[in-house]
Amino acid sequence: MGTHIYKINPEFRDIMPKEIIDLEENATWSDTTDKRGIKELPETKELLEEHSLCAGCPEAAALRYVLAALPKPEDTVIVNSTGCTSLMFPHIALHTVHSLFGNQNAVATGIKRVLDWRFPDIEKDVVVLAGDGATVDIGLDYTLQSFFRQENITTICFDNEVYANTGGQESGATPKGQVFKMAPTGKKFEKVKMWELAVTSGCHYSMNMTASAPKAVAKAVREAIFVARYLGPTFLNIYTPCILEIGLNANEGLREMKEQDKERFAAFKFVSPEAEELLAKLKEEGRL
Amino acid sequence: MSKRSDMTETKNWSGQTLVTADHMLFEAPRTKHFMTGSEVLKEAVKRCTVDASVSYPITPQSEAAHLIGELWAEGYVGVYFRGENEFGVMSEVAGCAMAGARTITTTSGPGTLRAMENFAQWSGTRIPCQLILMARGINSPLTIQPDNLEVSYMLETGCQIWYAENVQELFDMSIAAFVVAEKPDVHVPIITVVDGFFVSHTRESVMLPEDDIALFPYDPYKAPLPPIDSETPPGRFLRDPFVMKSNYISYAAHASWQWEIRSAVERSVPYAKHYLKGLVHVTGDADAEIAFIACGTASYQAKEANRELSKLGIKSKVIKLRTIRPFPEAELLEALKGVKTAFVPEFNVVGWLEKDVKRALYGKCDTEIVGGPRVAGGMSMPAEAILREVMEKLNSGKGA
């Protein structure tokens, strides 16, 4: 395991918080001989240090899977947006950006292009992680435009089908008929199928899934990041239900996701022929 | 396309010799050229070792944005592309600058308003990017004509705002702007304003240094916040202090951060004074009791009025404000010594500069401030309009 990225100056070691020392001693970073992944979660220091989401929030679990799956965290920048996801970002031991609500793919575009300009010989991954309001509604233009432009960015939407952080309002990702605030008689139009829009907008890899199976999430994240790094935009839509807004208890999120594995989030996976080829090659090389 | 790794200690990636801003602005020999504001901006960007620029079409700044694109094609600018709209562009600029790039963009009027949320975000993230604002009217009704109402919306964004009068000033200011914005103790964005068409499209004589020299590159590791490039060890921080928690510490963090941004703008004063040779420029009669306080093209027209008044035996002076943020209060007070009446001619209907002047001077100066004349929507401001304002004041009740 790669544990030698984070080095604390010995002069300051005695004043360092324990979680920082843990990052040095027991966190994993990129390593070509032993892939990072879900299996290390119980044994190593996670890049997410606690979090401030609700107890049992599936989004928090999904973020842990995403972080565990990053192929090269020490060279990964995560751009997020306003919403529940943004509450977790101060707790991540990576370079992260919260800018505005909805502009995440535009900010990520600037970052990625400049990182490629400044560091042409280092592979630096830029990952967007935002909620469905940020991705499908207020930020739709910027999300799709980054796909059109073929930016080398992975976009992950934590789709909880509602504006959760503002108190449970209907979003474009809410299913038709669902009663939420601002839709007091039920939503009038269908859930936006962002994963399909991603395909028609130029993504090389697009998935719709839930976060019920950690390994499946990790595999998708890893594949999407590699495809984005070498080919072009990739998109993952991951169901992370807001248990609070749909009236579930803290221990019921997993069951809800499993149920939706067969419903609105029945597996959708698109991989372009070029991406297929790339993934096969990476597998052959032992990088996947 | 160039590669950043082609840069050496003495040459940038396009082979230009690296020089200090002092050398570029004050020492390098210059030759005379004849060009528009858009063309001169290309010449300035060419000499600034610019990493990144993002563009979007809107009149009257489009040509300037095209020309920066040509610089990219010629290998002078590292990253260049067209964004999807101005909100997107300003966010893309933010991303470029956060990732450690010297970044420039241009916009006008409706584009400025569309992008508005970004400007406070720019200053909040302490990025030293530069926006060239080629001011035009704001809808509705639709206009593409010169009018600087949009500047009033920018005043409290936490960005520095400089105002260039003409093509020559646009060249010198846009170079100095990068240098001042990038000072580690300043490090806030800078908006260099010119009046659209009057400067962007008017061909004037301009003195330029040779184009085989360029500024030293931006060093993001001297910034008060680390660049978002994953080159510093990963730690738990956001680029901006994240204060969405409901407790006193988060409120205090937000408040102190906002104060710090404004303080950073004030800390730019000594640098701006040096590179601009003063925050205000005063011309005309030193002992005049009549003054014009203006910025941009309005100050040029005020100088015309000053010449006409001289022919009538009336002394006046023109106090041209070159920085709006920081507001040059001390310099303005000094320039107003002995002045009984000061007029503020403006290219907008609201009189934002008059309000700013009055706010700065309230209780500190006996000069009477008269807002006007004001023209808008593309109207020109002939010297006669300014003279009429003065004469109506001098001959109160008797007409101009």
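## Packing of α2 and α8 in chain B

Residues G37(B), V40(B), L41(B), E43(B) and A44(B) of α2(B) meet V167(B), L170(B), F171(B), S174(B) and I175(B) of α8(B). By type, the residues of this contact are seven nonpolar, two polar and one charged. The model is predicted.

Two packed helices are described by the angle between their axes and the distance between the axes. Here helix α2 of chain B spans residues 37-46 and helix α8 of chain B spans residues 167-181; their axes come within 9 Å and cross at roughly 30°. Angles under 35 degrees count as roughly parallel, and α2(B) and α8(B) are therefore roughly parallel to each other. Their crossing is right-handed.

## Interface between chains A and B

In the contact between the two chains, 35 residues of chain B face 36 residues of chain A. On the chain B side, α4 (86-98) and α6 (116-124) each supply at least two residues. The largest share, nine residues, comes from α4(B). The chain B side that touches chain A divides into 15 nonpolar, 10 polar and 10 charged residues.

L231(A) sits in the loop that runs between α7 (214-230) and β6 (234-239) of chain A. There are 19 other C-beta atoms within 10 Å of L231(A), so this residue is partly exposed; a buried residue would have 20 or more.

Apart from neighbours within four places in sequence, L231(A) is in contact with H204(A), E274(A), A275(A) and L278(A). Y205(A) is 26 residues apart from L231(A) along the chain, and the C-alpha atoms of these two are separated by 9.8 Å.

Definitions and conventions. Residues numbered from 1 in each chain as written. Chains lettered and ligands numbered in written order. Predicted model: local features only at pLDDT ≥ 70, side-chain atom pairs only at ≥ 80, totals over all residues. Contact = placed C-beta atoms within 7 Å. Helix = DSSP H or I, 4+ residues; strand = E, 2+ residues; numbered from the N terminus. Nonpolar A, V, L, I, M, F, W, Y, C, P; charged D, E, K, R; others polar. Buried ≥ 20, exposed ≤ 12 C-beta atoms within 10 Å, placed from the backbone. Axes fitted to C-alpha atoms, helices over the stretch in contact; angles between N-to-C directions. Parallel < 35°, antiparallel > 145°, perpendicular 65-115°, else oblique. Left-handed = near helix turned anticlockwise from the far one by under 90°.
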